[in-house]
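I opened the model today to look up a pocket, a core position and some charged pairs. My notes are below.

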Amino acid sequence: MHPLMLHVACDLGPIRAVTAAITASAQGCEAEFRLDGYVPAIILPPAAAPARQDNLWQTTCFEIFWQPLGGTAYREFNLSPSGQWAAYDFDSFREGMRDAPVEAIAVACSHDDAGLVLKASIAADLPDPAQVALNAIVEHADGGKQYWALAFPPGKPEFHSEANRALIVER
């Protein structure tokens, strides 16, 4: 598991640590995210039918950005504790956004008062080697948000920045 860092502009809040891991698979990838802290003090979207859904990042959500080495195009996955997901392709930094083709995405989430674990299995064409970002957005009950990532560029939290893609993943 890789520790994610809290963006410098965020208050610590109820979640004290976030870790994540990703492994390339023959079908795509497997990912796991863990939150440690007081889970009753954060917003968790209610369980929903597993389906593609936009705007998941507006509340507690986990993200993967996958960019083949040497390219400018990348794919973004949003994984909600609700079981819903989204996948987008971009031609370059925030340009050319469109729904990305995926064969299947399965999201499983469990939690108790002290933590949360989200596991995702993604079946999609994911070229490798790739530089990858693992991110988390945690919404507090009072509406505040924490932004967690492997790395951040200077300035505001910007998950689309190549600076976030701090892992190299290959099969």
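This is a predicted model: local features need pLDDT of at least 70, side-chain atom pairs count only at pLDDT 80 or more; totals for chains, interfaces and linings use all residues.

**Pocket**

I looked up the largest pocket. It holds about 410 Å³ of space. I listed 19 lining residues, with Trp57, Glu63, Glu76, Arg94 and His160 nearest the centre. I sorted the lining by class: 9 nonpolar, 3 polar and 7 charged residues. I then checked which strands contribute. Strands S4, S5, S6 and S11 each give at least two lining residues.

**Leu118**

I found Leu118 in strand S9, residues 115–123. Is Leu118 buried or exposed? Leu118 counts as buried because its relative accessible area is 0%, below the 20% cut-off. I noted its contacts beyond four places in sequence, among them Phe33, Phe62, Leu79, Val107 and Cys109. Ala31 is also on that list. Ala31 lies 87 residues from Leu118 in sequence, yet their C-alpha atoms are 8.2 Å apart.

**Salt bridges**

I counted 6 salt bridges in the structure.

- Arg52 and Asp99 meet at 3.7 Å, N to O. The pair links distant parts of the chain, 47 residues apart: Arg52 sits in the loop between S3 and S4, Asp99 in strand S7. Arg52 is partly exposed at 31%, as is Asp99 at 47%.
- Asp128 and Arg171 meet at 2.6 Å, N to O. Asp128 is in the loop between S9 and S10, and Arg171 follows strand S12, 43 residues apart. Asp128 is partly exposed at 32%, and Arg171 at 45%.
- Asp91 and Arg98 meet at 3.1 Å, N to O. Asp91 is partly exposed at 41%, and Arg98 at 39%.

Note on methods. Residues are numbered from 1 along each chain as its sequence is written. Side-chain values use heavy atoms; hydrogens and water are left out. On a 1 Å grid over the protein atoms alone, a cavity is a set of points where a 1.4 Å probe fits but cannot get out, and a pocket is an open set with protein on both sides within 12 Å along at least five of seven lines; lining residues have an atom within 4 Å of a point. Grid points are joined across faces, edges and corners, and a volume is the space filled by probe spheres set on the points. Helices (H or I, at least four residues) and strands (E, at least two) are DSSP runs, numbered from the N terminus. Ala, Val, Leu, Ile, Met, Phe, Trp, Tyr, Cys and Pro count as nonpolar, Asp, Glu, Lys and Arg as charged, and the others, Gly among them, as polar. Buried means under 20% relative accessible area, exposed over 50%, partly exposed in between (1.4 Å probe, protein chains only). Contact means heavy atoms within 4.5 Å. A salt bridge is a side-chain nitrogen of Lys or Arg within 4 Å of a carboxyl oxygen of Asp or Glu.
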